[in-house]
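Let's take a walk through a protein chain together. Keep the 3D view open and click on each residue as we get to it.

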Amino acid sequence: MTLTVRRAGKCMLALVLIATPISVGQATTVSIDARITRTLAAADGRFGGCMAALDEAPSDHGLDCPAGSKWVTFSCTGEHTTTADALRMYDSAQLAFVTGRRVLVWVDDTRKHNGHCFASRIDVLGS
């Protein structure tokens, strides 16, 4: 009986050790269906240079972003993507803000500016 319990314990430990590296270090990216409520452009590069506020907080979707903050950065400073790609995403956010259209935003909590999570993609949705 004792040998069986020990063997079962070793098997469980082996399974935990095998499974642990699979979950460690994976990026967490979630798509959020939202509306843009504000935009921000900073000349001094704070917050990645450009951001948009969603009508819901990325942290409410299980992301490691500031609790309660609805802001995401597009990294217009070029740290997490090219400046051109970031500006294109920011332009899309401004288009959605002005027209009142919903967006689908992919938010990555492994890349941040001043704690705010990086939006790696934005789709402006139809009416």
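## Two disulfides

A search of the whole structure turns up two disulfides, a disulfide being a pair of cysteine sulfur atoms within 2.5 Å. Before we look at them, a word on what you're viewing: this is a predicted model, where local features need pLDDT of at least 70, side-chain atom pairs count only at pLDDT 80 or more, and totals for chains, interfaces and linings use all residues. Residues are numbered from 1 along each chain as its sequence is written, and side-chain values use heavy atoms, with hydrogens and water left out.

C50 lies in strand β2 (residues 50–54) and C76 in the loop between β3 and α2, so the pair ties together parts that are 26 residues apart in sequence. Both C50 and C76 are buried; here, buried means under 20% relative accessible area, exposed means over 50%, and partly exposed is in between (1.4 Å probe, protein chains only).

The other disulfide joins C65 to C117, S to S 2.0 Å. Which hand does this one have? Its torsion about the S-S bond is about -115°, so the disulfide of C65 and C117 is left-handed. This pair links distant parts of the chain, with C65 in the loop between β2 and β3 and C117 in strand β5, 52 residues apart. C65 is buried, with a relative accessible area of 9%, and C117 counts as buried at 0%. If you number the bonded cysteines of the protein chain in sequence order, the pairing reads 1-3, 2-4.

## The overall layout

Now zoom out. The protein chain has two helices and five strands, and from the N terminus on its elements run α-β-β-β-α-β-β. Helices (H or I, at least four residues) and strands (E, at least two) are DSSP runs, numbered from the N terminus.

Of the 127 residues of the protein chain, 31% count as buried. The chain exposes about 7,400 Å², and carbon and sulfur atoms supply 57% of that; these areas come from the Shrake-Rupley method with a 1.4 Å probe, and for residues only the protein chains shown count as cover. Looking at contacts in the protein chain with a separation of 6 or more, residues 24 or more positions apart account for 55% of them, where contact means heavy atoms within 4.5 Å.

Find D109 in strand β4. Is D109 buried or exposed? D109 is buried, with a relative accessible area of 10%. Not counting residues up to four places away in sequence, D109 touches T28, L63, D64, C65 and C117, and C65 and C117 are the two cysteines joined by a disulfide. The side chain of D109 also reaches the backbone nitrogen of D64 at 2.8 Å. That's a polar contact: a pair of N or O atoms within 3.5 Å, where within protein one must be able to donate a hydrogen and the other to accept it, and residues adjacent in sequence count only if both atoms are side-chain atoms.

S69 sits in the loop between β2 and β3 and counts as buried at 15% relative accessibility. Its side chain gets to the backbone nitrogen of W71 at 3.4 Å. S69 also touches A57, P58 and H116, leaving out residues up to four places away in sequence.

Most residues other than glycine have a negative phi. S75, though, has a positive phi near 60° without being a glycine. You'll find S75 in the loop between β3 (71–73) and α2 (83–99), and at 0% relative accessibility it counts as buried.

N114 isn't a glycine either, and its positive phi is about 50°. N114 is found in the loop between β4 (102–113) and β5 (116–124).

## A charge over a ring

Finally, look at R121, which lies over the face of W106, at 4.1 Å from the ring centre. A charge sits over a ring if NZ of Lys or CZ of Arg is within 6 Å of the ring centre and within 35 degrees of the ring normal.
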